[in-house]
Amino acid sequence: MTSFTKTDKTGVMLPLPLGSAYDYRVPAGLSLSPGDFVAVPFGPRRAIGVVWGEAAGDVNEAKLKDISGKLDCPPLPEVSRLFIDWVARYTVSAPGAVLKMAMSVPDALMPPKPVTAYALNPSPDDFKMTPARQRVLAVLTGGPPRPAAELAREAGVGPGVVKGLAKAGGLVPVTMTPDAASLGREPDWETPGPDLSRDQKDAAGILEDATETSGFSVTLLDGVPGSGKTEVYFQAVAIALKQGGQVLVLLPEIALSAQWLARFRARFGGDPVEWHSDLTPSRRRHTWRAVAEGRARVVVGARSALFLPFPDLALIVADEEHDTSFKQEDGVIYNARDMAVVRAQLGGIPIVLASATPALETLLNTDNGRYLTLHLPDRHGDAVPPVIENIDMRAEEMASQSWISPTLQDALKQTFAGKEQAMLFLNRRGYAPLTLCRTCGHRLQCPSCTAWLVEHRHGGRLQCHHCGYHAPSPRQCPECENEDTFAACGPGVERLAEEVTSLFPDIRTVIAASDTVAGPKAAAELVRRIEDHEVDLIIGTQIVAKGYHFPLLTLVGAVDADLGLTGGDLRAAERTHQLLYQVAGRAGRAERPGRVLLQTYMPEHPVMKALQAGERKTFMAAEAESRRLAQMPPFGRLAALIVSGTDVGVVDAAAQRLSRTRPSADGVAVLGPAPAPMALLRGRHRMRLLLKTSKDVNIQAVLRDWLARAEVPRKARVQIDVDPYSFL
Ligand code: ADP
Ligand code: ZN
């Protein structure tokens with residue numbers, strides 16, 4: 001690292017979407033190194049930025065401003081800075097906008113203030129014991145002191161219980177830094193793991209070696225659901241910990257991953273550090289700083305965890321690597337799975353991608369030898385793969401307003417009779433996706449989005465799933481003014497639950513959707529209820545497709561297996577296959593065999609045929625071939641330009657202007673502009689252009705050049721989506 005002398009100036013990157021680093025003067029007596037967090041004047045304000053490197057020298061000496069001071073915080077590691085620059089270049093974003101993601105918790109840059117925590121009183125007075133007090137004492141036994149709020153939360157008691165217990169002399173207050181209090185017990189790599197099967201051991205050995213020797217490598221852990229992928233990559237986690245490194249595990253929906261957390265604790269006798277949007281501000285602050293100081297050893301997080309300032313990252317795992325929720329669709333648009341591979345490369349460390357249904361892109365990278373593959377073809381123990389059958393809905397006698405076919409009803413009946421659990425999968429929240437007037441046909445639509453309002457009967461209202469708009473169900477049609485003419489069209493999970501109740505009145509049902517299972521607590525409670533057989537039937541959206549292991553669950557029914565196949569999405573078939581296969585993977589994970597029934601009107605569709613035959617290879621090969629013929633990713637490159645604004649005229653003009661300056665070269669094509677399928681989203685009008693290039697074209701260079709030539713009016717915004725997954 002270089003140090004600057006007192007007369008130097010330096011470039012400082014600010015976490016703002018503004019282009020590149022700004023020059024500042026380093027005042028006498030201040031010694032700075034790249035990566036240091038500094039306070040600088042910025043217009044009339046003060047801002048915090050990062051010393052990025054050499055000054056550009058493009059600011060007049062007389063106008064240079066002094067850096068105000070250096071913050072008492074570990075520097076942003078070099079690899080993080082390289083990563084930020086890389087992501088900015090790849091996504092065609094301002095580096096400051098990417099830095100902002102890495103500096104998402106500005107408070108963490110200030111040294112933590114000491115807090116009062118509570119410890120067990122080593123010589124307690126006599127006090128009244130209650131079950132609640134007992135739980136508090138149990139949390140503290142064998143664990144570090146904790147602040148009152150956290151103690152109460154972990155013990156599942158009100159804050160009054162902790163206070164009362166302290167007053168009664170059961171606890172003593174101690175002063176400590178909040179960081180030390182919040183990390184929980186450190187995972188211990190020496191905790192013995194389970195006995196691995198032969199396949200598991202072979203796979204684990206290779207991952208252990210890769211972690212031990214370090215250096216960049218990508219390994220795909222391709223194993224059927226229930227094959228023990230988690231146990232296998234835990235072995236690599238143990239090696240990374242043994243060597244003193246940090247580990248990042250990316251999970252698509254960490255807030256719902258109670259089972260994963262429990263498994264980790266069971267395996268390592270300690271806690272991983274969680275990173276997701278559901279943390280309290282103080283927890284975010286402590287966690288960010290603990291990562292920066294290298295104290296947080298294993299971080300499990302959603303995609304944004306990738307931008308945490310790890311000084312010693314030794315291993316990355318991206319679990320469920322195919323999951324499209326790794327794609328960030330707002331702000332800087334990036335795919336966390338892909339960027340994780342880049343982060344591993346820049347850090348010179350191994351990355352493990354785990355999935356039962358790897359993405360086409362990933363499979364092709366294993367075919368061409370860039371990634372190594374490890375296969376786990378069998379379920380762990382005696383569990384056998386579930387039998388998957390299609391129900392041809394054209395041949396079923398369906399009563400009106402009914403969605404569960406006689407065949408599926410029979411299967412449910414058998415399952416309940418055998419005291420086993422079943423799951424009905426329908427990827428639609430709420431009661432009904434569409435409400436229309438029977439008299440005039442008027443459809444209730446969101447005022448701010450191109451979307452129908454979804455009825456949620458539980459909440460007694462209509463809701464937009466895109467912007468959060470909601471309204472009570474109207475009595476009168478706004479179009480024809482008739483009263484009580486609205487009809488619910490199609491089923492959501494709530495409506496399905498209604499049908500189940502009329503078919504099986506004694507069955508205990510739970511609805512699992514993102515609005516009924518909000519946050520980690522609710523998810524953990526749901527999992528517990530299912531594990532303890534307090535429910536017989538789970539009616540769920542895609543949130544139940546992931547990773548869960550419920551030994552008594554033996555029947556899975558996909559109510560509308562065709563749902564994801566409509567629309568012009570280039571990955572529609574691949575995604576539907578992944579989703580249905582994952583849902584199917586929930587069935588029969590223990591001794592009892594599983595059965596999966598897919599209700600489809602297209603049993604001859606390649607997706608349904610592949611699922612029924614249990615044959616992924618041929619299906620994915622056909623998918624790859626069709627993409628190759630169309631020169632679609634990963635055989636060609638795509639980038640979407642989304643023009644948006646509140647004034648439809650401005651948006652249209654901006655899109656036309658982009659169109660006039662469109663690039664033209666060999667291997668470069670522009671489709672559009674056309675109104676986006678979501679032509680209105682959160683009150684903003686939207687037009688799309690799609691840039692399609694051949695593989696050998698540097699699409700970022702084409703985009704940058706194009707944007708530099710096109711003058712976008714200030715009232716319109718152009719978002720760039722390199723490698724788009726959503727075409728809405
Ligand atoms: P996957 O991630 O491939 O779906 P999991 O890692 O969740 O599979 O494993 C499925 C179940 O089998 C889990 O309950 C796990 O604890 C158990 N399991 C897997 N491998 C072993 C093993 N070697 N010994 C004991 N239990 C195992
Ligand atoms: Zn809306």
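Four donors count as tetrahedral if all angles lie between 85 and 135 degrees. Donors are N, O and S atoms within 2.8 Å of the metal (3.2 Å for Na, K and Ca); water is not among the atoms, so sites may look incomplete.

## Basis of the model

This is a predicted model, in which local features need pLDDT of at least 70 and side-chain atom pairs count only at pLDDT 80 or more, while totals for chains, interfaces and linings use all residues. Residues are numbered from 1 along each chain as its sequence is written, chains are lettered from A and ligands numbered from 1 in the order in which they are written, and side-chain values use heavy atoms, with hydrogens and water left out.

## The zinc site

The SG atoms of Cys446, Cys449, Cys464 and Cys467 coordinate the zinc ion (ligand 2) at 2.3 to 2.4 Å. The angles among the 4 donor atoms are 105 to 115°, and the site is tetrahedral. Ideal angles for four tetrahedral donors are 109.5 degrees. Along the chain, the donors of the zinc ion (ligand 2) are spaced as C-x2-C-x14-C-x2-C.

Cysteine 464 counts as buried because its relative accessibility is 2%; buried means under 20% relative accessible area, exposed over 50%, and partly exposed in between (1.4 Å probe, protein chains only). Cysteine 467 is partly exposed, with a relative accessible area of 28%.

## An open sheet and its helix

An open sheet is formed by 5 strands in the order E2-E1-E4-E3-E5, with antiparallel pairing. Strand E2 (22-25) and strand E5 (69-70) are the edge strands, each pairing on one side only. Two strands pair if DSSP finds at least two bridges between them. Helices (H or I, at least four residues) and strands (E, at least two) are DSSP runs, numbered from the N terminus.

Strand E3 (residues 37-42) pairs with E5 in the antiparallel sense over 2 bridges, and alanine 39 stands opposite glycine 69 in E5. Helix H1 (residues 78-91) packs on the sheet, where it touches strand E1 (9-13) and strand E4 (45-54); the direction of H1 makes about 95° with that of E4. Contact means heavy atoms within 4.5 Å. Axes are lines fitted to C-alpha atoms, for helices over the stretch in contact, and angles run from 0 to 180 degrees between N-to-C directions.

Strand E30 (residues 668-681) and strand E31 (residues 684-694) run antiparallel and are joined by 8 bridges. Leucine 681 stands opposite arginine 684 in E31. The two strands form a hairpin with 2 residues between them, and arginine 682 in the turn has a positive phi of about 50°.

Proline 673 is placed in strand E30. A cis peptide bond joins glycine 672 to proline 673, with omega about 10°. Most residues other than glycine have a negative phi, and most peptide bonds are trans.

## The loop between H18 and E29

Proline 634 lies in the loop between helix H18 (616-629) and strand E29 (636-645). Proline 633 and proline 634 are joined by a cis peptide bond, with omega about 5°. Glutamine 631 is also placed in the loop between H18 and E29, and its phi is positive, near 55°. Glutamine 631 is partly exposed because its relative accessible area is 36%.

Key: Tetrahedral: all angles 85-135°; square planar, octahedral: opposite > 155°, others 65-115°.
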